[in-house]
Amino acid sequence: MYYQPCSNGPIFNGAIYGNIQNSMQVSTLDGLQFLYQHAAMGAIHESNERYPPPLCHPGTRDVVVGRAIGWYMDKSGRKKGIMWVHAPAGFGKTAVAGTVTEKLKAMVKELGFDPIGATFFFWRTSPERSSPARFIITLAYQLAQSIPELGPRVEAVVKSKPDIVKMGLELQVVKLIVEPFKSLSNLDSMPNRLVVVDGIDECINSDRESHVEKKYAEDQETAQIRVLELIRSLQSHQLPLSFLILSRPEAWIKQHLGSSAFRDVVEPLDLYEVGDHMNDVAKFVRAELSRIATSFRS
């Protein structure tokens, strides 16, 4: 179960649909500030646009949240690099993503580092969150912030090649994330960070030009598979990153994640089959009835 009071937070970066028009001058700004200006800041967990972020009702979804955190914390060497949590609409996938993020962030002192490297919450009605256009830029900016030694390397790339923000996403993966990581001398000893990507099925605009008229379903399938391929590319470079992805089990997503390229690196988790749903519902209903009764008494 999950809850989210109505929120109408603004989209600070405005509509772009992949067509970034900002000046390429970086001389008066530092590289990370320049990257920030091109990132989809409304897509991150703590953004004002998402405030308050959806979270699981206390005492519910404990099993799936525990499974996700246990998978991330696994140091046995047998862990697959990607966990895919899937369920139909209305099962609280976004709340699970938010709760996992909050619980891990609460472990910063215990772990000695921030275990959340980056988050991205797709949303079909938001111009900057319904396409992959700013996806890699946004991940790179957050990784540069959450991993102190990575920041200067990312900043150096942006200063030397500011037009990277207009390049293809596949090139951005290499230049903004893979190469900065690979340049670190302590890469092998660096603690693993979690990247949370929620609502891949909400990514519905491919933002790619085509000489052939495309149908809506074809466009969203193209966009979603591209996001999956970007994540697989990152995972394939053996970086100290794990990926928690959440989505509806759309046919093309399920087929793609079940392909030979993904099968050995993806841990699927069916939210519908995990946990005590009836008990979760009962807890939520009792809490709501108690809240209503309290409001009437006051």
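In this predicted model, the protein has 11 helices and 7 strands. Of its 298 residues, 48% are buried.

Ser 242 belongs to strand 6, which runs over residues 241–247. With a relative accessibility of 1%, Ser 242 counts as buried, because the cut-off for that label is anything under 20%. Leaving aside residues up to four places away in sequence, Ser 242 has quite a list of contacts. One group consists of Trp 71, Tyr 72, Lys 79 and Gly 81. Also touching Ser 242 are Asn 192, Arg 193, Leu 194 and Val 195. Among these, Arg 193, Leu 194 and Val 195 fall within the range of strand 5, residues 193–198.

Strand 5 also leads on to the other residue picked out here. Asn 205 lies in the loop that runs between strand 5 and helix 8, the latter covering residues 216–236. What does the side chain of Asn 205 join up with? It makes a polar contact of 2.9 Å with the side chain of Ser 130. Asn 205 can also be placed relative to Glu 221, a residue 16 positions away along the chain: their C-alpha atoms are 9.0 Å apart. By its number, Glu 221 falls within helix 8, at residues 216–236.

Methods
Residues numbered from 1 in each chain as written. Predicted model: local features only at pLDDT ≥ 70, side-chain atom pairs only at ≥ 80, totals over all residues. Heavy atoms only, no water. Helix = DSSP H or I, 4+ residues; strand = E, 2+ residues; numbered from the N terminus. Buried < 20%, exposed > 50% of the residue type's maximum accessible area, 1.4 Å probe, protein only. Contact = heavy atoms within 4.5 Å. Polar contact = N/O pair within 3.5 Å; in protein donor to acceptor, adjacent residues only side chain to side chain.
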